[in-house]
Amino acid sequence: RAAGASLAKTQQGLALCTSAIHKLTCQASVTIGSSKKAAGPPAWWWSGLALSAAVACGSEKFARTPLLLYIGASVAVVASRRLMAPNKRPPTAAETQTLDAIRADLKTPFDEATHGDLLKRLWKAGLDGPFERRSQKWQLLGFQGADPTTDLRACKLLGLKTLVTFLETSPRHAEAILESRRITGDFDPRKPGFYPVACAGIEVTAFLCELCGLRGPNGAPPPAELPPSNRWAALVGTRTSFDECFAAVLRALDRRFDDERGDYMGFASVRDAVFADVREALDRGESTVERSLKLAPGAWGATKPDYAGYLDKLPASSPTVWKSTSELSYRPS
């Protein structure tokens, strides 16, 4: 009986180990097939190693075999990730043209005569009533004062353009974000729920410029030459890629802020965490930042379905988000 019980435990352990190895092998094959670097939690290797070691130590007949199989499969997965990961490269000619256009807007100060229409478009997309060049209503969009141009110093004309594009092209998501960030009653920096959306958007633009090598950290000078990178396809692969990334990062920032019940004083920590997630997603070679951040699909040009923007207001782990994400297809721009 004791021998039979020991054999049953050994078989059960081997089954678990085989299942783990099968999952790793499938992950390796998917990695090779898609030519992308697969994602995985840092603890997966150690948890599998502990399982294999436990099975190996509990059986004389199968001693070392599960452990060796696991190590072999792990080596295959790691090797496939190394070999098939996107190679770092300089930007293509088309990507360089896009980068040059972004750089020009980043260096261009706001000019009333030339760029005044952009403010009118921004007002029309996000506010009600007749246009007012200076008004306290600009604070409803998340600017700090009555003159929105005073907040454009970090990204100049580019910061204004990305905000206008987001509000005009993704109105459902923009509406949901702005509506949830209205100040009700007296302003309390410790009250959960508020952060200045427009200022946050300008920070997102500055962050994406840093990833593109067009701006140094915290406003430092950019590098003399654009370094080789595996991020170019996601950031500037098409003429709209930069704006699509902006929409995805701002949506992820807003959802993380909701998940952590953030307040104005704690906004910086939420921002830094989201920026770290975006860097990790791009370093994995993800071509769609929206999907890698587990956002509901359809931000770009999301006028239908009507509830698209409100899916982001649910927690990332919400079954509704995952069900809707699986039912809606990701459409390339």
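Visitor: Which residues of α5 are buried?

Guide: In this predicted model, the buried residues of α5 are His 115, Gly 116, Leu 118, Leu 119, Leu 122, Trp 123 and Gly 126, where buried stands for under 20% relative accessible area.

Visitor: How should I read the spacing of such a list along a helix?

Guide: The general idea is that an α-helix has 3.6 residues a turn, so residues three or four places apart point the same way.

Visitor: What span does α5 reach from its first C-alpha to its last?

Guide: Helix α5, which runs over residues 112–126 and has 15 residues, reaches 20 Å, close to the 21 Å expected at 1.5 Å a residue.

Visitor: Turning to the largest pocket, how much space lies in it, and which residues are closest to its centre?

Guide: The largest pocket holds about 690 Å³ of space, and of the 29 residues that line it, Pro 196, Cys 199, Ala 200, Glu 203 and Phe 267 are the closest to its centre. The elements that give two or more residues to this lining are α8 (197–211) and α11 (267–283), and the largest share, 7 residues, comes from α8.

Visitor: How do the residues of that lining divide into nonpolar, polar and charged?

Guide: The lining of the largest pocket divides into 16 nonpolar, 5 polar and 8 charged residues.

How values were computed:
Residues are numbered from 1 along each chain as its sequence is written. This is a predicted model: local features need pLDDT of at least 70, side-chain atom pairs count only at pLDDT 80 or more; totals for chains, interfaces and linings use all residues. Side-chain values use heavy atoms; hydrogens and water are left out. On a 1 Å grid over the protein atoms alone, a cavity is a set of points where a 1.4 Å probe fits but cannot get out, and a pocket is an open set with protein on both sides within 12 Å along at least five of seven lines; lining residues have an atom within 4 Å of a point. Grid points are joined across faces, edges and corners, and a volume is the space filled by probe spheres set on the points. Helices (H or I, at least four residues) and strands (E, at least two) are DSSP runs, numbered from the N terminus. Ala, Val, Leu, Ile, Met, Phe, Trp, Tyr, Cys and Pro count as nonpolar, Asp, Glu, Lys and Arg as charged, and the others, Gly among them, as polar. The expected span of a helix is 1.5 Å times one less than its number of residues. Buried means under 20% relative accessible area, exposed over 50%, partly exposed in between (1.4 Å probe, protein chains only).
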